[in-house]
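Dear colleague,

I am passing on the structure we discussed, and below it I have set out what was found. Please read the notes with the model open beside you.

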Amino acid sequence: MTASPRLDDARPDGARPEGARRAAPPRTEHPAGTAAPPPRTEGGPGGYWATVTAVGCASMMLPFSVTGAAVALPSMTAQLGSSVGAAQWMLNAFNLTFAALPLAAGGLADRIGRRRVLLSGIALVGALSAVVALAPSMAVADAARAVQGCGAAAVLAAGAAVLAQSTSGRRRRLAFGILGTSFGTGLAIGPPAAGLLVEAAGWRSVFLLVAVLALPAWLCATRAPESRNPDHPGIDLPGVVCFTGGLAALSYALVQAGTAGWTAPGTLLPLAGAALLLVLFAGVEVRRAGRAMVDVRLFRRPEFLAVVCQPFTVTLGFVVLLVYLPAYLQGVGGRSVLTSGLLLLPMTAPVLLLPLVAGRLAAAVSVRAVLTAASALIAAGSLLLVTVRGDGSWLALAVPLLPFGAGVGLAFGVMDDAAVGTVPAEHAGAAAGVFNTMRITGESVAVSGAAALLSTLTAAHLGGSGLAADEAAQLAGQAVQGRVAAAHQAALAAGFTDALHVLGLALAALSALGAVLTYLALAPDESA
């Protein structure tokens with residue numbers, strides 16, 4: 001989704017620090033009068049740009065698969081006649097597998113080949129997007145989206161590894177800069193592009209576009225060099241099972257909370273199961289130590305803990321607004337799909353433009369100052385969400401979205417480098433993996449959790465007008481997905497608007513807390 005891994009400091013190309021003595025290569029005897037054969041380079045001429053193009057195009061598909069699907073969801077559910085719960089799983093199923101599997105996919109790529117896993121991931125994302133586009137029912141779309149999320153996890157993990165293994169120095173910095181721009185572009189153009197497609201050709205065209213983009217990405221990836229690490233300890237299967245099961249149970253509980261209520265047995269039992277599985281996951285990872293999916297030893301460093309928790313104060317609200325604000329503007333505000341996407345530009349454009357500025361700013365001042373300022377800007381934008389109205393002007397909506405997007409753009413420019421910069425260089429790869437897992441997990445939980453919160457608050461408002469609890473929950477769930485029943489337009493508009501304001505206050509409190517903790521945790525060590 002919004003991940004843009006930076007592994008520059010991991011030095012997987014084997015480069016030694018300056019001043020290190022390089023051993024002379026072994027001599028190889030050749031017949032008299034013949035020259036030594038040139039070194040073999042996999043990937044062929046132009047392999048660098050083919051590799052960067054492949055990873056960039058594939059990475060652009062990932063955020064678009066989230067934002068585009070969210071914009072298309074109201075039209076999709078109306079045409080397929082989906083229930084509220086099934087429609088929510090169209091978003092949650094992708095996020096669940098995408099969040100749970102990047103580290104496992106990275107381990108698999110090390111064992112069997114990074115290019116091979118990248119090619120498989122691109123093929124899965126493209127093929128399953130085509131299946132969604134042709135789906136006759138929401139159940140088929142939900143299942144396809146779950147498998148598509150597996151492909152997205154493979155693209156995220158293997159794409160970064162392919163770039164890190166096949167580039168070095170200035171070319172590596174350029175490659176990872178293009179990778180970050182690709183993610184930003186997917187986020188920025190996702191809502192308006194999906195809106196244009198839905199209005200021009202219907203919701204199926206959004207998913208067909210991803211399938212079409214996958215073809216040139218896959219063809220370019222065939223020219224990428226292959227690499228592997230045969231000494232990799234393998235996939236942490238117990239960790240993968242516990243982590244994936246815990247996330248699945250948590251997502252199910254949050255969907256149930258939005259429809260059946262927070263105190264229903266169907267909500268409390270999976271919540272308890274999720275807590276048990278995640279505690280079990282932590283115990284498994286501690287016992288497996290160096291063979292674990294997540295190196296828990298990294299969390300002993302307060303500065304790493306502060307940076308790795310940034311996704312919960314930075315990207316959480318950003319993804320929530322990307323997914324549910326277009327639905328609010330369509331359902332409550334009566335805006336077109338395209339207009340709803342364009343109204344998000346004050347928030348998405350800074351994410352495309354500011355990351356490069358943030359890196360230079362951090363070099364001039366400090367990472368601590370940039371990340372603290374980013375969280376403060378997000379807190380200010382979240383607080384201003386209380387002014388949002390469905391029929392508000394573009395300027396009124398830009399007032400909260402612009403500082404929000406500026407804060408996210410600044411954070412995106414330094415978070416990845418900060419994650420690997422707070423640990424020793426030999427742990428940079430593990431730190432990047434943990435950071436991206438935390439980021440995508442936060443986004444996954446945010447999408448399902450925000451739906452439950454918005455639905456619950458909107459249903460509570462409807463309950464005050466005399467509607468039965470079941471009917472109020474059904475109408476509220478539909479409204480959160482962009483379908484506002486005409487017979488209850490006024491009550492739903494008021495309830496959804498109030499719920500959005502409460503969400504803004506919660507995000508403001510979370511971001512303000514994040515700003516304080518970041519400032520304290522990243523303080524210079526005066527004793528060093």
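Which residues have the most contacts inside the largest nonpolar core? They are Met76, Leu91, Ile122, Phe207 and Tyr324, in a core of 138 residues; a nonpolar core here is a set of buried Ala, Val, Leu, Ile, Met, Phe, Trp, Tyr and Cys residues joined through side-chain atoms within 4.5 Å. Helix H1 (residues 47-80) gives the largest share of this core, 16 residues. Apart from it lies another core, of six residues, including Ala249, Leu254, Ala257 and Ala274.

Before going further, please keep in mind that this is a predicted model, in which local features need pLDDT of at least 70 and side-chain atom pairs count only at pLDDT 80 or more, while totals for chains, interfaces and linings use all residues. Residues are numbered from 1 along each chain as its sequence is written, and side-chain values use heavy atoms, with hydrogens and water left out.

The protein has 19 helices and zero strands, where helices (H or I, at least four residues) and strands (E, at least two) are DSSP runs numbered from the N terminus. Of its 528 residues, 54% are buried, which means under 20% relative accessible area, with exposed being over 50% and partly exposed in between (1.4 Å probe, protein chains only).

Helix H5 (residues 138-166) has 29 residues, of which 21 are buried, so this helix is largely enclosed by the rest of the structure.

Ile122, already named for its contacts in the core, touches Ala58, Met61, Val155, Ala214, Ala217, Trp218 and Ala221, not counting residues up to four places away in sequence; a contact means heavy atoms within 4.5 Å.

There are five aromatic pairs, counted when rings of Phe, Tyr and Trp (its six-membered ring) have centres within 6.5 Å, with planes under 30 degrees apart called stacked, over 60 edge-to-face and the rest tilted. In one of them, the rings of Tyr48 and Trp49 have centres 5.0 Å apart and planes at 80°, so the pair is edge-to-face; Tyr48 is buried at 11% relative accessibility, whereas Trp49 is partly exposed at 45%. The rings of Phe94 and Phe98, with centres 5.6 Å apart and planes at 55°, form a tilted pair. Both Phe94 and Phe98 lie in helix H2 (residues 84-100), four residues apart, about one turn of the helix. Phe94 is buried at 0% relative accessible area, and Phe98 is likewise buried at 0%.

With best wishes

Key:
Expected span 1.5 Å × (residues − 1).
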